[in-house]
Amino acid sequence: MYQNYSLMELLGYKNHIINLYYFGKCGGKIIKIAIPRALLYYEYYPLWKSFFEALGAEVILSSKTTKDIMNDSIKYCVNDACLPVKLFHGHAKSLIGKADYLFIPRLKSIAKGEHICPKISGLPEMVKFSVPGLPPIIDTEVNLRKSKRSLKKSFFDAASYITQDKKNIQKAATLALSAHREYISALKSGKLPSELLENTHLTKPTASDLNIAVLGHSYNLYDSYSNINILNKLAAYKAAVYTPEGFEDALIDKYSRIKGKKMFWSLGKRQLGALFGYIERKMDGIIYIMAFGCGIDSFIADLCERYAKRNGIPFYLMILDEHSGEAGINTRIEAFTDMIRWKKRNENYNPAFR
Amino acid sequence: MTAYYVGIDVGSVSTNLVLLDEQEKVFSKLYLRTQGQPIRVLTEGLKLLKNVAGKDYTILGAGVTGSGRQLAATMTKADIMKNEITAHAIAALHCCPNVNTVFEIGGQDSKIIFICNGVVSDFAMNTVCAAGTGSFLDRQAARLNIPIEEFGGYALKSQMPVQIAGRCAVFAESDMIHKQQTGHSTEDIVNGLCMALVRNYLNNLAKGKTIKEPVVFQGGVAANVGIIAAFERELQVKITVPEHYDVMGAIGAALLAKEEVKNRATTFRGFDNLNSEFVAKSFECNNCANKCEVVELMQNNCAVARWGDRCGRWSSMDNEVKEKKVEKQKTATLA
């Protein structure tokens with residue numbers, strides 16, 4: 001009976017029951033917390049959602065990216081930010097008047113010894129001073145660079161806007177972490193964030209002769225508006241699509257070391273790890289989706305290109321910006337899949353194309 | 001009776017048509033300026049081709065390519081619709097079977113295609129902007145008041161090229177004006193622009209890749225002797241420009257069509273059927289917040305194709321139904 005529900009809906013339901021049972025938060029004013037559907041939403045939404053809901057708050061999520069959100073993004077954000085950061089502004093703008101607080105955690109580091117994009121660390125200020133009329137911002141700092149112990153403080157910090165009850169906060173944190181683990185293990189079992197969070201399924205080609213790995217930060221891969229639906233487009237060209245989210249952390253860790261050196265950008269590390277993993281699994285081609293102007297990807301995408309080429313795997317770098325025309329992306333995808341098929345046919349039969 | 005294959009390349013700047021005979025020789029070619037009106041230019045082009053073909057001919061197949069390929073495919077009911085990269089690679093292989101690198105510079109796109117043993121092994125296209133393409137030269141030629149056809153000749157007369165920023169057409173323009181103001185000759189500035197374009201092209205597309213000879217240079221910009229010279233100076237390799245460099249995309253499309261119709265009859269509408277009037281309209285779909293810009297191609301006031309929507313609501317409308325509607329309307333007007 002649960003098959004028709006997405007993981008998120010089930011989680012929400014579970015949390016709702018827990019709320020009623022444990023905390024009796026059914027009376028009084030329910031605090032509304034807004035979360036923009038952008039950037040690390042694709043990584044942490046189940047965690048944030050179950051945390052706030054367990055505290056008795058209601059979580060308001062912005063809608064999927066639309067033309068209006070895109071227009072607002074460009075209007076409100078500083079001009080030289082990358083597209084995903086701009087989109088975050090648009091999503092934040094769309095939440096004005098819908099909630100008591102806007103949740104923009106200041107993520108400085110999400111794993112030991114690793115860093116995250118500086119724009120994500122500075123996001124609370126960036127949004128606060130760019131978009132007028134926002135509700136008060138919950139800008140909890142999360143910094144796990146030295147150790148995971150500071151996470152507890154972050155949870156208490158975020159919860160302080162809703163309740164001061166230490167016991168409740170502790171319970172909510174435990175629930176949130178287990179929801180996060182559940183989400184991660186669903187990802188590792190081959191589900192995509194878009195399936196788990198939005199219940200939108202990738203159309204799987206019936207018969208595919210191409211295995212294509214699509215690398216890129218999750219917010220570039222799964223926002224189907226800003227990337228012009230690239231995953232489904234690939235499926236339409238009868239390619240089976242593989243993304244980095246399915247890889248075990250241990251494998252990512254192992255693969256992402258180049259000559260023993262650790263890659264210290266968390267999101268870059270995953271791409272690099274997935275790249276080597278997919279090279280080992282002998283993909284037919286690799287596409288890297290990067291936002292124009294991304295500092296991390298200027299290294300990582302280039303490294304990926306070099307290693308893919310060295311291993312004889314066709315590689316294509318797709319750069320996203322505010323373009324909405326499909327023609328350019330269609331041409332590139334068609335040419336890329338054509339090229340691989342032509343190559344494969346040649347390897348198998350050997351006489352030239354005609 | 002002679003048999004032909006039709007190749008059509010609807011690009012942003014030019015619309016090219018070719019008739020290939022059965023020996024894959026170019027019987028006739030047309031290079032027309034699109035001028036933002038692909039439908040009108042394509043209709044005219046097909047009429048011209050019909051005149052060239054004479055009275056006794058048959059069309060065995062038709063292929064379309066270029067950024068306007070969807071429009072052209074719907075209008076002509078071509079047998080095959082292919083992207084520009086594949087079409088250009090096929091055409092380059094046809095004229096120079098041992099080619100290893102293809103440079104193609106068109107109006108809005110520039111491409112580099114690497115070929116290994118007769119198969120495309122890698123390609124790159126300009127990313128987010130049109131710097132390093134033909135439109136950049138067009139624009140600067142207009143500023144300098146030189147017809148684009150003579151642009152390359154000026155570059156060859158230059159004694160010393162001036163350094164001009166080539167990253168962006170806007171930067172280049174301001175740089176160029178400064179150089180003009182300080183008294184550099186037009187020839188030197190033109191040469192500087194050619195070198196800027198070549199530098200930009202190589203930095204953007206060929207970055208970190210080895211360019212192996214033979215190199216074939218095609219696309220409209222290959223007409224520019226200044227650019228060819230700049231490429232040869234920069235790379236120290238010999239650049240081959242094929243005889244029909246300006247219509248290579250169309251040749252590739254025709255060759256692909258030949259392959260496609262090997263075992264079947266063509267679906268090509270024929271030259272005459274274009275007498276019916278084609279009009280493209282666009283509207284904003286208001287069914288959801290995405291507000292897609294949908295293009296609708298009308299034949300005799302009846303929609304025959306729609307595209308541009310994200311959800312498929314418009315583009316997946318049954319083509320058969322649309323065709324029938326058109327037929328119905330035709331008989332109605334005849335009666």
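Predicted model: local features only at pLDDT ≥ 70, side-chain atom pairs only at ≥ 80, totals over all residues.

**Two helices in chain A.** I began with helix α3 (residues 67–76) of chain A and helix α4 (residues 83–94) of chain A, whose axes come within 7 Å and cross at roughly 110 degrees. I noted α3(A) as roughly perpendicular to α4(A), because angles from 65 to 115 degrees count as such.

Next I looked up who makes the contact. From α3(A) I listed Ile69(A), Met70(A), Asp72(A), Ser73(A) and Tyr76(A). On the α4(A) side I found several residues, including Leu83(A), Leu87(A), His91(A) and Lys93(A). Sorting the residues of this contact gave me 5 nonpolar, 5 polar and 3 charged.

**One serine.** Then I turned to Ser50(A), which sits in helix α2 (residues 41–54) of chain A. Is Ser50(A) buried or exposed? I wrote down buried, because its relative accessible area is 1% and the cut-off is under 20%. I followed its side chain to the backbone oxygen of Pro46(A) at 2.5 Å, and also to the backbone oxygen of Leu47(A) at 3.4 Å. I also checked Ala173(A): it is 123 residues from Ser50(A) along the chain, and their C-alpha atoms are separated by 8.7 Å.

**Chain B overall.** Last, I stepped back to chain B, where I found 10 helices and 13 strands. Of its 335 residues, 53% count as buried.

Conventions
Residues numbered from 1 in each chain as written. Chains lettered and ligands numbered in written order. Heavy atoms only, no water. Helix = DSSP H or I, 4+ residues; strand = E, 2+ residues; numbered from the N terminus. Buried < 20%, exposed > 50% of the residue type's maximum accessible area, 1.4 Å probe, protein only. Axes fitted to C-alpha atoms, helices over the stretch in contact; angles between N-to-C directions. Parallel < 35°, antiparallel > 145°, perpendicular 65-115°, else oblique. Contact = heavy atoms within 4.5 Å. Nonpolar A, V, L, I, M, F, W, Y, C, P; charged D, E, K, R; others polar. Polar contact = N/O pair within 3.5 Å; in protein donor to acceptor, adjacent residues only side chain to side chain.
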